[in-house]
Amino acid sequence: MILLTDVVLVLGSAFVSSLIAHYLRIPNIIGFIVAGALIGPYGLHLIKAKEAVHFLAELGVVLLLFTIGLEFSPAHLAKLRRIALLGGSLQIVTTLLISGIFVYFAFKGSIPFAFFVGAYVALSSTAIVLTLLQERGELETPYGRASLGILLFQDMAIVPLMLLIPLLAGKHKADVGLLLILLKTFLLLGGAYVISRWVLGFFMDIIARTRNRELFLLATLTFCLAIAWAAYLAGLSLSLGAFLAGFILARSPYSHQATANILPFKDLLICIFFVSVGMFFDIRFFISEIPVILGAGLTIFILKSSIIFGILRFILRYPLHVAFLVGVSLFQIGEFSFVLAQEALKFELIDLSIFQLLSSISILTMLLTPLVIALARRRLPMVAEDKVCPIVPENHMIIVGLGVAGMALRTAAKRVGIPYVIIEMNPDTVRREKAAGEPIVFGDATYEYILRQAGLEKAKVLAVTIPDSKAARVIVGLAKHVKPDIYTLVRTRYVAEMVSLLELGADEVVPEELVAALSMFARVLRLYLVPEEDIRRYLEEFANKHYALFRKAV
């Protein structure tokens, strides 16, 4: 019951803070961090099961990295190779050295302490930056790819940095541990390759053929957490393991549906993560040390932004505005720095007052990140032009379901040159059609994410050809919510279902009962040798009168 009480407090405070943030027109992330500061141990001290809350928060970061991995195929990562390996390594090393040298000479600290502070400052917030990128759909921009590449390298760097903490504290040697970690890492990567090549496809095919939404969700979550757990056993971070799981699944046609299933859980747990970050914030300590914290925050902003800008602009030759935006986006000190600081505190490399000071500086930079990025975007409106053109065309038709009706629509669209994208749940059909070069997405169209993957925002027509009237109502409601002006054409079995679909905003409903009746009526008229012109007129009049009855009801 204690955990349930704490979860209710976390979610309730997050809801209130998010509502206030909405009316004040500030990012939700800031509201979540403030809520955590209020209910945490340094605020009203309402949270009792802090360990369990922090576990849920870490699970949120795991799911965030899993969804990011789902969006990045091997081709995507190949594009990030240069920015991740060269840009990320230069950023870590340069920031660590400059920060460490500054701390060593300015505060006359020891070399191990200066090295630790440099490493602490070098890491940025994967959760905050990627959340903001996902919200704005900017992961596929040059700015988004450059940010992701550097963040991924930083996440990988946390492993050797964690290993160095005991060595810096003079507790024990890390040579054997490092070799063991490297061995486990190679085994993990080899196992991941085997799974992705020979196991995952067969396993997911079996799950997808069941058409069971709950089973697919359980399989996705189990796979994600199992790979993350294996990475943790190898000495890597859970987040990197989750990214690897997403990356493996991204090679299958089921990645879009997996993302759609995970998104609600990820959003909920990421909210808990930011609340848990706020729990580290001690307002009394912040006020007492505010000159030091503000000065350190400004120094870190100038230092990290300048280093990242310089690397991207002068070494990797990125455009000026992209280098600038990435620099100001990654200036904050991230969530993995908290992990590093907790490890340093455990091995007595730092004391509690230094931990509080570093935590306060980190949270200040995190709070300022959404505001700084928003301000930078206003100064650089040309960044929006960098978006990569999506694979779907404009003014296309989305066909939901590739049964007999869906195939007929596709044939007609091909014949007259109308661009289209298909959404289908049958894995065999998706694999066959994708191999034939068809623009097809595996997924359940009752998820908004799946509709967006098919290019709903740019589509002109949505044709729902599946016989499931309940699913059709959900799809029409979602589509009209995202794009009110899209023309929706819906198939249904019974005439009685027309009213509810029309009320939801469907522009035209084709009931099988009515189509069958009209077809039979036309055949009877031809049997009695009625002229074709008269038959067409009778059918049109009959259909129009029938539709008019239902439109009046609406």
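Reader: What makes L514, L518, A522 and L525 of α22 count as buried?

Author: In α22, L514, L518, A522 and L525 are classed as buried, a term for a relative accessible area under 20%; exposed means over 50% and partly exposed in between (1.4 Å probe, protein chains only). They lie on the same side of α22, because they cover an arc of only 70° around the axis; the arc is taken from the directions from the helix axis to the C-beta atoms. The face turned away from this buried side carries M520, R523 and L527, which are exposed.

Reader: What kind of model is this?

Author: The model is predicted: local features need pLDDT of at least 70, side-chain atom pairs count only at pLDDT 80 or more, and totals for chains, interfaces and linings use all residues. Residues are numbered from 1 along each chain as its sequence is written, and side-chain values use heavy atoms, with hydrogens and water left out.

Reader: How do you know that the length of helix α22 agrees with its number of residues?

Author: Helices are DSSP runs of H or I with at least four residues, and strands are runs of E with at least two, numbered from the N terminus. The expected span is 1.5 Å times one less than the number of residues. For the 16 residues of α22 (512–527) this gives 22 Å, and the end C-alpha atoms are 22 Å apart, so the two agree.

Reader: Why are β1 and β4 called paired strands?

Author: Pairing requires at least two DSSP bridges between two strands. Strands β1 (residues 397–400) and β4 (residues 461–464) run parallel and are joined by 4 bridges, so they qualify. In one of these, I399 has A463 in β4 as its bridge partner.

Reader: What makes β3 and β6 edge strands?

Author: The open sheet has 6 strands in the order β3-β2-β1-β4-β5-β6, with parallel pairing. Strands β3 (440–442) and β6 (508–511) each pair on one side only.

Reader: Why is R491 called partly exposed?

Author: R491, in strand β5, has a relative accessible area of 26%, which places it between the two limits and therefore in the partly exposed class.

Reader: What makes the link between R491 and E512 a polar contact?

Author: A polar contact is a pair of N or O atoms within 3.5 Å; within protein, one must be able to donate a hydrogen and the other to accept it, and residues adjacent in sequence count only if both atoms are side-chain atoms. The side chains of R491 and E512 meet at 2.6 Å, so the distance is inside the cut-off. The R491 side chain also reaches the backbone oxygen of T465 at 2.7 Å.
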